[in-house]
Amino acid sequence: MARPFTLAAVAYDAKVVNIWEGFKVFLARHDLAFDYVLFSNYEAPVAAHFAGMVDAAWNSPLAWLQSVAIAGAKHLTAEAIAMRDSDRDQRSLIVARKDAHIQRIVDLQGKRIAVAAKDSPQATLIPLELLAQDGLLADKDFHVEFFDALAGKHGDRVDGERAAARAMSQGKIDAACMIEGNYTLFGFEGTVNPAAMHIVAHTEHYDLANFTILRERKHADTDKFVRLLLAIEYEDHDMRPLLDLAGLKQWVTGRSSHHTLLAAAMQRFGTSRDFIGEVAAAN
């Protein structure tokens, strides 16, 4: 019996089970056998994907670049087949209180900058790379304060960013890094007062998560899986609650062209190089 199209994903929150169970029911209604395997961190599904345990992985941007590197070493091709509309064209911000008198990146010299988990692309790696490209190096030109909530989840949980924003708002830290959408959320919930904040810098736009396959090991139902997802409409009242739970309004075609800053950060900070080597060398 052929294996159903099987996805690897990360259980960063209890709602993840409801999300994939919901899509499993939807896909079954359209005669596509689907299953999923949940892991506690993003490195595990990447390894499982290359070991042949699953047919696709829901990858963070960091896990995507890890997969690209491993695939290259193994003479395979990692392909981003689909993603959420909400994972396109994101930006990271470096925010300070107005009364801290930090107007430009150069004013961060010697300051304390709060980031999230060490493996958070949006609230650690990408903004630190932005600063490095502008001539300020972490722990040389400024002090980095980590709010390391749930390392291994690649920044999927907002806890670290929220704690960093709160510390900055309370004057315990001079500036904080966060993704633009969470800055808006923190203002809405009262963690920060946007009227008292100054955006010191923002990054170029980049992409976040995607469904990744290995082209040379493509499952027979891959194209049908993508077609069905892309055909879902937010106006469909039966599907809207599931889309809301998953944080999107529309599934869109995957793309791999918007990871320049994160790729540079991985080169600079050496993120997961040992892991990449181990998986690339494995059978």
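A78 stands opposite L214 of strand β10 in this predicted model. The two strands concerned, β4 (residues 78–84) and β10 (residues 210–214), pair in the antiparallel sense over four bridges; pairing requires that DSSP finds at least two bridges between two strands. Strands are DSSP runs of E with at least two residues, helices are runs of H or I with at least four, and both are numbered from the N terminus.

Residues are numbered from 1 along each chain as its sequence is written. Because the model is predicted, local features need pLDDT of at least 70 and side-chain atom pairs count only at pLDDT 80 or more, while totals for chains, interfaces and linings use all residues; side-chain values use heavy atoms, with hydrogens and water left out.

Both strands belong to an open sheet of six strands with mixed pairing, in the order β2-β1-β3-β10-β4-β11. The edges are formed by β2 (34–39) and β11 (251–253); each has a single partner strand, so one side of each lacks a neighbour in the sheet. From one strand to the next the twist averages 30°. Helix α3 (residues 61–73) packs on the sheet and touches β3 (56–59), β4 and β10, contact meaning heavy atoms within 4.5 Å. The direction of helix α3 makes about 165° with that of β4. Axes are lines fitted to C-alpha atoms, for helices over the stretch in contact, and angles between N-to-C directions run from 0 to 180 degrees.

The structure holds twelve salt bridges, each defined by a side-chain nitrogen of Lys or Arg within 4 Å of a carboxyl oxygen of Asp or Glu. One of them joins the side chains of R91 and E180, at 2.7 Å from N to O. R91 lies in the loop between β4 and β5 (92–97) and E180 in helix α6 (residues 180–189), so this pair ties together parts 89 residues apart in sequence. With 18% relative accessibility R91 counts as buried, whereas E180, at 28%, counts as partly exposed. Buried denotes under 20% relative accessible area, exposed over 50%, and partly exposed the range in between (1.4 Å probe, protein chains only).

In the salt bridge between R97 and D99, the closest N and O atoms are 3.0 Å apart. R97 is buried at 15% relative accessibility, while D99 is exposed at 54%. A further salt bridge links D223 to K218, with the closest N and O atoms 2.9 Å apart. D223 is partly exposed, at 41% relative accessible area, and K218 is also partly exposed, at 41%. Salt bridges with shared partners join D89, D207 and R255 into one network.
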